[in-house]
Amino acid sequence: MQSFLVSVLQGKTGYNIELIQPDLDLEVDLGVDTVTQIEAFAMAREKFGVARNEKFRVRNYNTVRKMSEYLVANAVVAPALAEAAPAAKQGAPGLDEVRRFIARCEASGDTASLRRLAEHLEGRLKSASQSVSPPAQLAGKRYEVHPVELAPRVDAPSVAHLKGKTLGISMDAQGAYKALAQMLEAAGARVVILSSGPAPEQGVSLDWRHPESAGRALKELQEKQPLDGLILLHTTAPTAKLDEQEASAWASTVNTFSLGLYQSALAVYDRIGALPGGGWYLVATAGGGLFGHANAQGRIPLAGAAGGFVKCLRRELPGSRCKVVDLDGQDASQWARQVWNELVSADLDVEVGYTGGRRYVFRDVETSFPRESTPVSLRPGSVVVVSGGGRGVVYPCAKLLAKSTGARVIITGRTVPPSGNEEWLKVPEAQLPAYRMSFIKRYLAEHPGKTPVQARRVFDSDIANRRELHRNLEDCRSQGISLEYKVCDMTDVGAVRTLLADVRREHGRIDGIVHGATIEESKSLPMKSSDAFVRTLASKAHLWQVLAQETWNDDLQFFINFGSGSGRYGNKGQTDYSLANYLVAKAGLVYSTLRPGVRSVTVDWPVWVGAGIVENNADYLERLRAMGICVIHVDEGAYWFVGELLYGGSAGEVVIADDRTFETLNLPRHDKEALRVVGKEAGGTRYAI
Ligand SMILES: NC(=O)c1ccc[n+]([C@@H]2O[C@H](COP(=O)([O-])OP(=O)(O)OC[C@H]3O[C@@H](n4cnc5c(N)ncnc54)[C@H](OP(=O)(O)O)[C@@H]3O)[C@@H](O)[C@H]2O)c1
């Protein structure tokens, strides 16, 4: 106990350890102020499970020895001490006996016995905490995302639809484009080869390393000889290993790939949407055939990025024929046939994989928390770092996590908390809309040339967000919940590095990462700018990589991501956001193969009420409800979040939704009976995939 206190004080004061003698007065002799003394005491209290005592006054324990004696005497003691302390007699020892035992061990320097006792107490604390119960009513259910084998359904009318159409194919290094071009021509289509090198006889050259120039060239082509469809095969180039790329290389890989999709889709957007019977937009990747669920060989699963993007494009252009196909890089001889299958397939699946000659689609399989799995162990003293969490939907999750486990949860954001004296903090919530209007009017008068949208953004970032953050921090403070807020722009790699280093220095460990930060600007693809696209990628996909890379050597228990139903199913106006969300979901799967000891999972959420991005969009929420789309309250979301983190077992991607949502969105489903059941266990059923 003494050496723990000394090491904490050393970290806080910078003194050499030998200077902090046990009987020196902390304030008078060592100049350690009361706040620092309380902090050191609180850390020891948390670490050794000493109960809070409202009557405790630090001035009465003014030396390391006195403080340590108090802590030792008040440590929570497990009844079955005999197990931990061989010297103790059989049966449950009394408190005094335990105290004497600890004192004896300390006096004789028997650290081995003390360590065994600490381990034993740790186990007791673990089982004492970590309970979450569901709210009375749950709107959503839990589904795990799995690949499921399904044969292609080549559709004669879809083959006939190709006749007389013009399709552009970008070249792949394996030459599958040649066989595919022949198949298309045999069906009566005209093919334009989009070369990555010198322009071929019947085609043009596009440099995909520069997406903007490729997009320009495609738009010019579109004016001269309009394409009715685009098949991207250059996207099958192998990707780098996920754990071998620095942040800047990752950002460049992801941006170049994603902006290539953005620019190419933009060039054909109007035509493929308007063509009777639908134009084609197909992206092929060669990530192992299962979008990162298996076979990815540790590589960046860009299939996920393509999946999120293409599903949104399909929702924006419902008449079009959009597909994303992940292929098996080991066997390119089948690629042309497999891509052909998807061009002329009749099924609803937008996202399809091929591996070992078999075709896979992805299904949401309703599954309860697997009771047999060992829960993640969080308890007082554990440390969790969260990107975001000061406001929005991550806050209630972080709060419940801290409350139910006692872990220290460090939340982050760019927003600077108010000092507490601001005039706008005093405005009651009910009067905020009127206050906001007067702010906007004043702002516009003082800033000629600015628009109301700009004024509203300033109000949101300067006032609304800071009010929300303030309210949340006060809420936790008043309830004594160990949530700590750090101002940090997490898109700045240096700032993340510093933040994590500070956490390690202050708390000595990082047990888990929660990636919740996001920015989102809904607009249909033609209305999006490439800058907005990259901004969205930065807060979600690039930040995921930075968090993964910067904690690679930490002894993490888990890494959990906030994903989105829009990544899983697509949504109008969210091509960039869904691309980023789905890339993260699949990258999390590959990460778990590289760090099998770390529980890695992404939860694809439905829409939340009570906080978050759509909280102030009452019309939208009403429309969703009327359509029958699952909407969950923040209390329910927080329950699913903490439940998933602690009890989710090894699931890598989970969806919270309901069956009605799947029907409304017309999503392909598998009957449970059609999945091959391989085992029934208490609390759940396992399906063969
Ligand atoms: N709300 C929903 O219905 C819904 C549905 C599906 C999924 N989700 C997911 O849930 C998560 C939270 O969404 P939300 O609705 O709560 O969004 P939100 O209200 O816009 O909050 C976003 C949070 O991210 C933080 N953030 C953004 N950029 C950051 C940066 N560069 N550095 C540090 N923090 C940053 C923000 O803090 P600062 O502004 O202070 O930086 C804020 O705390 C997201 O991952 C989202 O994809 C939400």
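User: Over the ring of which residue does the charged end of Lys 311 sit?
Analyst: This is a predicted model, in which local features need pLDDT of at least 70, side-chain atom pairs count only at pLDDT 80 or more, and totals for chains, interfaces and linings use all residues. Residues are numbered from 1 along each chain as its sequence is written, and side-chain values use heavy atoms, with hydrogens and water left out. A charge sits over a ring if NZ of Lys or CZ of Arg is within 6 Å of the ring centre and within 35 degrees of the ring normal. The charged end of Lys 311 is 3.5 Å from the centre of its ring, which is that of Tyr 582.

User: How are the rings of Phe 439 and Phe 459 arranged?
Analyst: Rings of Phe, Tyr and Trp (its six-membered ring) pair if their centres lie within 6.5 Å, with planes under 30 degrees apart counted as stacked, over 60 as edge-to-face and the rest as tilted. This rule gives 26 aromatic pairs. For Phe 439 and Phe 459 the centres are 5.3 Å apart and the planes stand at 65°, so the arrangement is edge-to-face.

User: How far apart in sequence are the parts that the pair of Phe 439 and Phe 459 ties together?
Analyst: Helices (H or I, at least four residues) and strands (E, at least two) are DSSP runs, numbered from the N terminus. Phe 439 belongs to helix α14 (residues 432-446) and Phe 459 to helix α15 (residues 452-479), so the parts tied together are apart in sequence by 20 residues.

User: Which element gives the largest share of the shell around the ligand?
Analyst: Two or more residues each come from β10 (383-389), β14 (558-564), α19 (575-594) and β16 (607-609). The largest share is three residues, and the element that gives them is β14.

User: Is Gly 573 buried or exposed?
Analyst: Gly 573 lies in the loop between α18 (565-569) and α19. Buried means under 20% relative accessible area, exposed over 50%, and partly exposed in between (1.4 Å probe, protein chains only). Since its relative accessibility is 6%, Gly 573 counts as buried.
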